[in-house]
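Here is a short briefing on one protein model. Please look at the sequence and the structure first, then read the points below.

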Amino acid sequence: MSRTIPVKAEHDYEIVIGCQWRDELISVLSNYRRAVVVVSESMGQRVSFPVAHELEIQIVNIPDGEDGKSAENLEKLWKAFGDFGLTRSDVVVAIGGGATTDIAGFAAATWLRGISWIAIPTTLAGMVDAAIGGKTGMNSEFGKNLIGAFHSPHRVLIDLSWLDTLSDRDFSAGMAEVIKCGFISDAEILNSIEGKNLLSLRSDRGLTEELIGRAAMIKADVVVEDFRESFAREVLNYGHTMGHAIELHSNYSLRHGEAVSIGMVFIAELAHLKGLLSTENVERHRKILSDLGLPVSYPQSAFPELLPLLFRDKKTRGRMLRFIAISDGGEVVRLESVAESEILAAYERVGS
Ligand SMILES: NC(=O)c1ccc[n+]([C@@H]2O[C@H](COP(=O)([O-])OP(=O)(O)OC[C@H]3O[C@@H](n4cnc5c(N)ncnc54)[C@H](O)[C@@H]3O)[C@@H](O)[C@H]2O)c1
């Protein structure tokens, strides 16, 4: 049985969790005459479905992962849309990880100033984060995701069977965002995964679906409140300020979720130094994350290079560094104007 989460953004849409993507897609496509299906290369051979005679479909493959999020691939998509004669009343379908849904969503955002698109995320990170919330974009010489648009999908179809082939590493990376939701908003997420390891969690489809639903609900709620990312949406940034710096410093050899995992331990340590979080709760961060195979430390020697990268974070306001932290009571707190000495002290507890 699938369940739906309604999202109110620039238009209302639904996230359908636990569905069979083919069945849902066929039913959604009955509202359209033409569809371009953008699929990442490795998912390509898994994408076939019967379509009604009246529906014209074009399938376009793009490279997997970050390679697909380039200007070159955006142009490839525009060309496919143009050659196919995609009009305002047609639709784009994106099937793949977060990188694929980001670029396909951006292509849909820019074609005819925005046409409908449907997201079918195939990674855990895509299901709980990238495909929800309406942020679309691409990478460029200026940085990752700096070019983009807010353009919500018209439906998000989450079919857990995609996860069967996902690597442990990518599953864990997606779990980092789920755990983040647990810390900022839903203690039940943490209670239900505490004591589990990656194997026991992956083999529990019911729990995985429950966790995806809870995390997607949190993101959807925040998006409803704050579509264009001013204050409320900042809570989703828990662990991300240091996480983004580490991700960049690692030259993207770390997955986003892995860097965020280290970033969450860092912010927990900072909150501890500020008297907000007990040692037990800091250790709880470490244990839950490492039990699921996520990294919780980063080289100590990297600190001098990480500091300037912290200031490059998109959420930083001028020279003011601020962090989203939590307290023992589960309250989300904004830490403003944190001194460099405090950042160093917290980092020393994360540094290896
Ligand atoms: N728009 C947003 O709000 C938002 C939020 C978070 C992340 N993102 C973006 O999402 C991207 C990261 O997403 P991701 O973690 O899904 O990474 P990804 O799209 O790069 O996919 C990771 C890897 O998993 C493979 N893969 C995908 N589905 C698979 C499956 N079912 N089985 C086996 N392998 C599979 C891909 O080929 C790729 O190699 C980044 O580009 C990030 O910027 C966007």
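The protein is divided into two parts, domain 1 (3-165) and domain 2 (168-348). The model is a predicted one. Between the C-alpha centres of domain 1 and domain 2 the distance is 27 Å. In the contact, 28 residues come from domain 1 and 25 residues from domain 2.

**Area buried between the domains**

- Domain 1 and domain 2 bury about 2500 Å² between them.
- Carbon and sulfur atoms account for 67% of that area.
- On the side of domain 1, Leu 124, Val 128 and Phe 150 together supply 25% of the area buried against domain 2, more than any other three residues.

**Charged and polar pairs between the domains**

- Three salt bridges are counted between domain 1 and domain 2.
- Lys 144 and Glu 247 form a salt bridge, in which the closest N and O atoms are 3.8 Å apart.
- Five residue pairs are in polar contact across the interface of domain 1 and domain 2, with both residues of each pair at pLDDT 80 or more.

**Surroundings of the ligand**

- The ligand is surrounded by 24 residues.
- The closest of them are Asp 64, Glu 66, Thr 122, Thr 123 and Thr 165.
- Glu 66 has a polar side-chain atom 2.6 Å from an oxygen atom of the ligand.
- Lys 135 places a backbone N or O atom 2.8 Å from a nitrogen atom of the ligand.
- For Trp 162, a backbone N or O atom lies 2.9 Å from a nitrogen atom of the ligand.

**Salt bridges in the whole structure**

- How many salt bridges does a search of the whole structure find? The search finds 28 salt bridges.
- Asp 102 and Lys 69 form a salt bridge through their side chains, at 2.9 Å from N to O.
- This pair links distant parts of the chain, as Asp 102 and Lys 69 are 33 residues apart.
- Asp 102 sits in helix α4 (residues 98-110), whereas Lys 69 sits in the loop between β4 (56-62) and α3 (71-84).

Key: Residues numbered from 1 in each chain as written. Predicted model: local features only at pLDDT ≥ 70, side-chain atom pairs only at ≥ 80, totals over all residues. Heavy atoms only, no water. Domains from an automatic or database assignment. Contact = heavy atoms within 4.5 Å. Buried area = accessible area lost by both parts, 1.4 Å probe. Salt bridge = Lys/Arg side-chain N within 4 Å of Asp/Glu carboxyl O. Polar contact = N/O pair within 3.5 Å; in protein donor to acceptor, adjacent residues only side chain to side chain. Near = heavy atom within 4 Å. Helix = DSSP H or I, 4+ residues; strand = E, 2+ residues; numbered from the N terminus.
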